Amino acid sequence: MIRILIVDDEKPICDLIDLNLSSAGYECIAVQNGLEAIELVEQEAFDLVLLDIMLPGADGYDVMDYIRPTGIPVIFITAKHEVKNRVKGLKLGADDYLVKPFDVVELVARVEAVLRRYNKADQRLVVGDVVVDLDAHRVKKAGRLVDLTNKEFGLLVLFMKNQNVALFRETLYEKVWEGEYFADSRTLDLHVQRLRRKLGWEHNLVAVYKVGYRLEV
């Protein structure tokens, strides 16, 4: 399993990131101190570090100096949005830079992109008896192939990567259809209904009032 170290001095943010990445199938460990992060990197193996800049003990730039020789990819997550801070982080060797506040869907997508770059991404998604093989573009339920359209497959992957997270209709439509969302469109609802039926997820894919849908696991 992919192991991710979360380093942020705000525990609620650590908890939020941990919740969403754990739901996406990653193993997470969180600390709120730069020196603790360095100790953990010395003692344990990680596939990715999510690193804040403003930290007690040692700031994110100091932690980055220590991590860089290990070859572990790093994504800076910080409230510092000025261009000079982004440039400094990237010059120090960070692989990406995400500014708070951020959308959890974007966070998961950026994590996946960096892991793919390092050939560390898991190409299988599993929820209950439903298994998605991303490379083969294949879905099985209880060992049997499930025939999905490309759009249904795209929706399923998005839901499985964001388990227990309410996804806005606009986000779902723009990610899967790659176009502008129109409020009166029933396209998304029809595709969700077909997914429910094909996967037996009538009670798992739930509508969230005035938001969109959530995969409850």
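1. Val127 stands opposite Val130 in strand E7. Helices here are DSSP runs of H or I with at least four residues, strands are runs of E with at least two, and both are numbered from the N terminus. E6 (residues 124–127) and E7 (residues 130–133) pair in the antiparallel sense over 4 bridges; pairing takes at least two DSSP bridges between two strands. The hairpin has 2 residues between the strands, and Gly128 takes a positive phi near 60° there.

2. First, the ground rules. This is a predicted model: local features need pLDDT of at least 70, side-chain atom pairs count only at pLDDT 80 or more, and totals for chains, interfaces and linings use all residues. Residues are numbered from 1 along each chain as its sequence is written, and side-chain values use heavy atoms, with hydrogens and water left out.

3. E6 has two faces. Leu125 and Val127 form the covered one, while Arg124 and Val126 form the uncovered one. In a regular strand the side chains alternate between the two faces of the sheet.

4. Helix H6 (residues 150–161) has 12 residues. From first C-alpha to last, H6 reaches 17 Å, close to the 16 Å expected at 1.5 Å a residue; the expected span is 1.5 Å times one less than the number of residues. In H6, 9 of the 12 residues are buried, so the helix is largely enclosed by the rest of the structure. Buried means under 20% relative accessible area, exposed over 50%, and partly exposed in between (1.4 Å probe, protein chains only). Among the buried residues of H6 are Phe153, Leu156 and Phe159, along with Glu152 and Lys161.

5. Helix H5 (residues 104–117) has 14 residues and reaches 20 Å, close to the 20 Å expected. Its buried residues include Val104, Leu107, Val111 and Glu112. At the start of H5, a side-chain oxygen of Asp103 comes to within 2.7 Å of the backbone nitrogen of Val105. After H5 comes Asn119, with a positive phi near 55°.

6. Which helices supply the lining of the second largest pocket? H5, H6 and helix H7 (169–177) each supply at least two residues. H5 gives the most, with 5 residues. Val105, Glu112, Val157, Lys161 and Lys175 are among the lining residues. The volume is about 250 Å³. A pocket is an open set of points on a 1 Å grid over the protein atoms alone, where a 1.4 Å probe fits, with protein on both sides within 12 Å along at least five of seven lines; lining residues have an atom within 4 Å of a point. Points are joined across faces, edges and corners, and the volume is the space filled by probe spheres set on them.

7. Some backbone values deserve a look. Most residues other than glycine have a negative phi, and most peptide bonds are trans. A cis peptide bond joins Lys100 and Pro101, with omega about -10°. Pro101 lies in the loop between strand E5 (96–99) and H5. His137 has a positive phi of about 55°, and is partly exposed at 40% relative accessibility. Lys210 has a positive phi of about 65°. Lys210 is exposed, at 71%.

8. Last, Arg3. This residue lies in strand E1 (residues 3–7) and is buried, with a relative accessible area of 17%. Arg3 touches residues including Glu27, Glu44 and Asp47, not counting those up to four places away in sequence; contact means heavy atoms within 4.5 Å.

Notes. Polar contact = N/O pair within 3.5 Å; in protein donor to acceptor, adjacent residues only side chain to side chain.
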